[in-house]
Amino acid sequence: MTKTGKVLVYILLVAVLLGTLFPIWWMFATSLESPSRAFTFPGALWPNFTGQNYLTAWAAGPWLHYFANSAGMGIATTAFALITSLLSAYGLVLLPNRVAGILFAAILVTMMVPFYSIIIPDYLIVKDLGWLNTYAAQVIPFAANGFAVFLLRQFIRGLPKELWDAARIDGITPWRYLWHVVVPNIKPALATVSIYVFLLSWNAFLWPLIVTSGPQVQPVQVGLANLLSTANGTDWTELSAAAAFTAVPVLILYALAQRSIVESVSRTGIKG
Amino acid sequence: MVKKFHGVAALMAGSLFTLTLSGSTAAAPHPATHQSRVTITFWNEMTGPYEVALNRVMAAFGKHYPNVHIVDVVVPNDATLEPKLLASIVGGNPPTISQLNPSWAAEFVKTGSLVDLTPFIRSKAGFSLKPFYQNLLAAGQFNGQQYALPFNVSAAVMYYNVTQFKRAGIKSPPTTWAQFEADARKLSTGGRHAFAITLVHPYPFRAFVVQAGGSFVLPNGKPNPAIFTPTGAATRAVALWANMVKNGSAVLTQGYGSQTDFANGTSSILEGTSAFYPYLAQAVGKRFPIGVAPLPGDVVNGSASFGGYLGIFSKATPAQKTAAEEFVKFLTSRVGQTIWMQDSEGYLPVRSDVLSVPSAKKFLATHPAQRVALSVFARSPMSPKVAWWPDFSTDLINDVTAVLDKKMTPAQAMHTAYQEALTVYANSPGR
């Protein structure tokens with residue numbers, strides 16, 4: 001690539017970066033602004049750095065409790081989903097093609113059913129199990145994930161056949177092959193699934209709202225909506241402050257796992 | 001998003017109706033004396049500052065009824081309360097009391113999920129409905145019985161930027177549609193649009209249809225064809241907005257963008273309920289004085305009311321039902337509504353006798369949005385209490401949006417809206 005071409009590419013990349021960062025900056029800037037200046041230009045874009053909104057938003061509810069709920073449920077959901085999707089994906093690769101094809105299609109179908117259409121049946125199951133207003137109601141229904149199975153299956157299928165043949169010659173069992181060969185080779189995919197499921201859990205809103213009745217077991221997103229938005233208007237500065245401190249854990253997590261996510265996406269052939 | 005949630009609600013409503021028909025019945029009652037401790041659950045949308053106000057009213061109730069423990073469950077808005085309520089009803093464990101819309105109540109009454117409040121109201125322990133605004137009471141009545149009582153209600157008014165009005169040489173806010181159009185033109189200079197339209201809810205449009213003398217529903221519950229004709233009230237209302245968009249004096253905003261536009265001075269006129277006022281005052285600060293006036297009228301000088309009702313669910317035990325009835329009575333009482341109006345700083349009392357309370361008089365003297373809204377409150381109907389309204393209102397918003405986006409003419413859009421109204425009416429459960 002010529003020098004001019006490189007410069008153009010970098011200009012384009014910087015423009016995309018700025019475009020991506022702008023809403024995040026806007027949120028943080030609004031969170032540091034007084035309510036009336038937040039509606040003026042360039043008021044909200046270069047704030048007067050008041051911390052009052054954070055103090056007010058933090059005092060509005062039991063945020064530490066919400067954070068603990070979200071983190072705990074996110075970790076539990078991720079752990080369950082990793083186990084179920086890894087075993088399913090591995091089984092689908094080992095099974096005869098026809099059987100695996102039918103089962104895989106069935107799993108893909110679960111991704112195509114709108115969540116809203118199964119709210120009532122799911123609610124009735126959770127209620128009959130006595131799980132209303134519990135953590136279990138928010139974790140167990142998401143302990144298996146069709147997309148995670150799809151992603152891991154693609155990765156496992158991509159492993160060289162020679163690895164499997166060599167393992168068979170060495171007399172390794174399918175179980176040991178999974179743990180000692182497959183898992184170490186699909187770490188980027190596992191990281192992606194972890195982030196994906198954790199974010200789904202962290203951002204869950206409607207389902208937790210329907211099956212819970214109080215802050216004791218509610219996640220941070222429900223707390224955010226309940227405490228800081230109304231049917232008539234919103235105090236954007238306080239809401240931005242709360243949105244900022246609820247987004248920080250996710251931003252950190254994404255930054256830490258960024259390399260694995262990029263690698264796994266490039267290897268599965270998924271294009272954005 | 002609204003469409004999605006209404007879709008969910010429709011789906012769930014279907015399930016509710018089917019399950020109820022298939023024999024889902026009330027739980028066995030557990031009688032309890034009035035003196036024993038009773039726990040009731042109250043689902044409501046009173047988030048943020050309104051939750052603080054509601055807590056004060058509940059605390060006042062608690063002083064009179066220390067044996068009643070209220071579990072206050074807050075959800076953010078209609079879009080989330082409706083599916084939560086439907087799921088709980090289908091699941092057989094609804095709350096004791098919930099805030100609800102009259103159109104949901106229509107469905108709940110048909111499935112036997114709501115308690116008829118009339119026997120309690122007429123009993124010795126009951127209360128008179130005379131002081132209530134009759135237009136509000138009507139929305140909670142089904143088959144001649146009172147199933148839901150109004151609680152947190154506001155009405156649409158016109159907010160305006162006093163500084164920009166003065167600068168444009170407009171001495172007083174417009175009182176007719178013709179003046180409204182003319183003033184909006186004067187205010188729309190330098191690429192600014194005077195009137196920022198919000199269609200998050202249908203009430204802003206409904207208010208203009210009311211002014212044009214129209215009603216969406218016939219007494220028999222069917223869609224009213226007259227308002228959708230080329231000269232009908234709905235068509236004239238959307239044509240007014242469309243003309244203003246066409247000549248650059250109005251613009252359709254997304255979400256609550258109209259509040260933002262008004263607060264930063266991009267627009268000069270905002271249609272919103274009295275409950276907007278605390279948020280607007282905070283957002284505008286001292287940059288300009290906010291004027292409040294009734295919406296400009298056409299055939300009628302009216303508006304649209306918007307808000308929540310209270311209903312008791314039939315799954316409640318007799319003791320819970322008794323406690324819930326006392327709670328509803330208190331929330332809608334003169335005392336309860338006075339506290340609620342003053343502490344919420346945006347909602348209106350649902351009964352006119354609050355206006356003679358000295359503290360209420362003093363309060364209204366310094367709160368123009370509520371004062372102005374009250375001046376048109378009796379001529380501001382609630383959203384229609386028919387089960388097909390929630391689905392239709394989404395279609396209506398889409399049709400009005402299509403006109404403002406110049407994809408349809410007003411006549412075409414309202415013809416389409418009528419066909420959609422007939423379809424949702426035909427498909428509404430148990431009509």
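A salt bridge is a side-chain nitrogen of Lys or Arg within 4 Å of a carboxyl oxygen of Asp or Glu. Keep that rule at hand for these exercises, and remember that the model is predicted.

**Exercise 1.** Decide which kind of contact B:Arg236 forms with B:Asp298, and find what the pair ties together.

*Solution.* 
Step 1: Look at the closest N and O atoms of B:Arg236 and B:Asp298, which are 2.7 Å apart.
Step 2: Compare this with the cut-off of 4 Å. The pair forms a salt bridge.
Step 3: Now place the two partners. B:Arg236 lies in helix α10 of chain B, and B:Asp298 sits in the loop between β10 and β11, so the bridge ties together parts that are 62 residues apart in sequence.
Step 4: Check the surroundings. B:Arg236 has a relative accessibility of 31% and is partly exposed; B:Asp298, at 33%, is partly exposed too.

**Exercise 2.** Work out where in chain B the partners B:Arg56 and B:Asp343 lie.

*Solution.* 
Step 1: Start with the contact itself: the side chains of B:Arg56 and B:Asp343 meet in a salt bridge, at 3.3 Å from N to O.
Step 2: Locate each end. B:Arg56 belongs to helix α2 (residues 48-64) and B:Asp343 to helix α14 (residues 334-344), so parts that are 287 residues apart in sequence are tied together.
Step 3: B:Arg56 is partly exposed, with a relative value of 45%, and B:Asp343 is partly exposed at 25%.

**Exercise 3.** Are B:Asp353 and B:Arg351 buried or exposed?

*Solution.* 
Step 1: Find the pair by its salt bridge, which spans 2.9 Å from N to O.
Step 2: Recall that buried means under 20% relative accessible area. Both B:Asp353 and B:Arg351 are buried.

**Exercise 4.** Describe how chain B and chain A meet, and say how many salt bridges cross their interface.

*Solution.* 
Step 1: Count the residues. In chain B, 40 residues are in contact with 29 residues of chain A.
Step 2: Take the area. The two chains bury about 2,900 Å² between them, with 63% of it on carbon and sulfur atoms.
Step 3: Name the elements on the side of chain B that touches chain A. Those giving two or more residues include α1, α2 and β2 of chain B.
Step 4: Sort that side by class: it has 23 nonpolar, 14 polar and three charged residues.
Step 5: Finish with polar contacts: six residue pairs make them between chain B and chain A.

Technical notes:
Residues numbered from 1 in each chain as written. Chains lettered and ligands numbered in written order. Predicted model: local features only at pLDDT ≥ 70, side-chain atom pairs only at ≥ 80, totals over all residues. Heavy atoms only, no water. Helix = DSSP H or I, 4+ residues; strand = E, 2+ residues; numbered from the N terminus. Buried < 20%, exposed > 50% of the residue type's maximum accessible area, 1.4 Å probe, protein only. Contact = heavy atoms within 4.5 Å. Buried area = accessible area lost by both parts, 1.4 Å probe. Polar contact = N/O pair within 3.5 Å; in protein donor to acceptor, adjacent residues only side chain to side chain. Nonpolar A, V, L, I, M, F, W, Y, C, P; charged D, E, K, R; others polar.
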